[in-house]
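Here is a short note to read beside the structure. Take the points in order.

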Amino acid sequence: MHKQHTQLLESEIQELQLQLHKAREDIYGLVRMHAELSIERDKLRTGLKASDNALASCKTDLSFVMRTDDVEGDYLLVPQGPTLPAKISGFQFRDIRPKAASEIVDIGHASLLLGHSNQQITKRVYRSLGATAVP
């Protein structure tokens, strides 16, 4: 009976040693994975900080535009000539409705497209005198 009990205890000890060995391997793998992910996280934080700095400089100087050219998708700052505020201030808004109304031959169709209830409004306000330009 003691022999049988000893064999049971020995087999149980061997099984527990196998489980302990597997648990230690799992812990080692998790520690290694954590170290690798920590290194990657630090690299990403550095890249994010560089991107934030680049974005801050873009906010102050709008003459640069960000674009991706390389395979890794890194952002590059590319000079674009005149600054965006200068371009915006030089832009002129023009109403093209008189030109469109003058080039449409049928006054009824022009009045319909412009949303007028009466063709006389289109004729008086939007129709120009003179020849129609041919492109």
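1. Helices (H or I, at least four residues) and strands (E, at least two) are DSSP runs, numbered from the N terminus. Counted this way, the protein chain has five helices and two strands. From the N terminus on, their order is α-β-β-α-α-α-α.

2. This is a predicted model: local features need pLDDT of at least 70, side-chain atom pairs count only at pLDDT 80 or more, and totals for chains, interfaces and linings use all residues. Residues are numbered from 1 along each chain as its sequence is written, and side-chain values use heavy atoms, with hydrogens and water left out.

3. How confident is the predictor? The score is pLDDT, the predictor's confidence in each residue, from 0 to 100. The protein chain has a mean pLDDT of 79, and 73% of its residues reach 70 or more. Among its elements, helix α1 (residues 2–60) has the highest mean, 90. Strand β1 (residues 64–68) has the lowest, 52.

4. Now burial. Buried means under 20% relative accessible area, exposed over 50%, and partly exposed in between (1.4 Å probe, protein chains only). Of the 135 residues in the protein chain, 9% are buried.

5. Next, contacts. Contact means heavy atoms within 4.5 Å. Take the contacts in the protein chain with a separation of 6 or more: residues 24 or more positions apart account for 17% of them.

6. Which residues of α4 are buried? They are I107, A110 and S111. Seen down the axis of α4, these buried residues fall within an arc of 100° (taken from the directions from the helix axis to the C-beta atoms), so they line one face of the helix. An α-helix has 3.6 residues a turn, so residues three or four places apart point the same way. The face of α4 turned away from the buried side carries the exposed residues L112 and L113. The cover over the buried residues of α4 includes α3 (97–103) and α5.

7. Look at S111 in helix α4. Its relative accessible area is 3%, so S111 is buried. Leaving out residues up to four places away in sequence, S111 touches H116, N118, Q119 and T122.

8. How do α4 and α5 cross? The axes of helix α4 (residues 107–114) and helix α5 (residues 119–126) come within 9 Å and cross at roughly 90°. The two are therefore roughly perpendicular (65 to 115 degrees). In this contact, I107, G108, A110, S111 and L114 of α4 meet Q119, T122, K123 and Y126 of α5.

Note on methods. Axes are lines fitted to C-alpha atoms, for helices over the stretch in contact, and angles run from 0 to 180 degrees between N-to-C directions. Angles under 35 degrees count as roughly parallel, over 145 as roughly antiparallel, 65 to 115 as roughly perpendicular and the rest as oblique.
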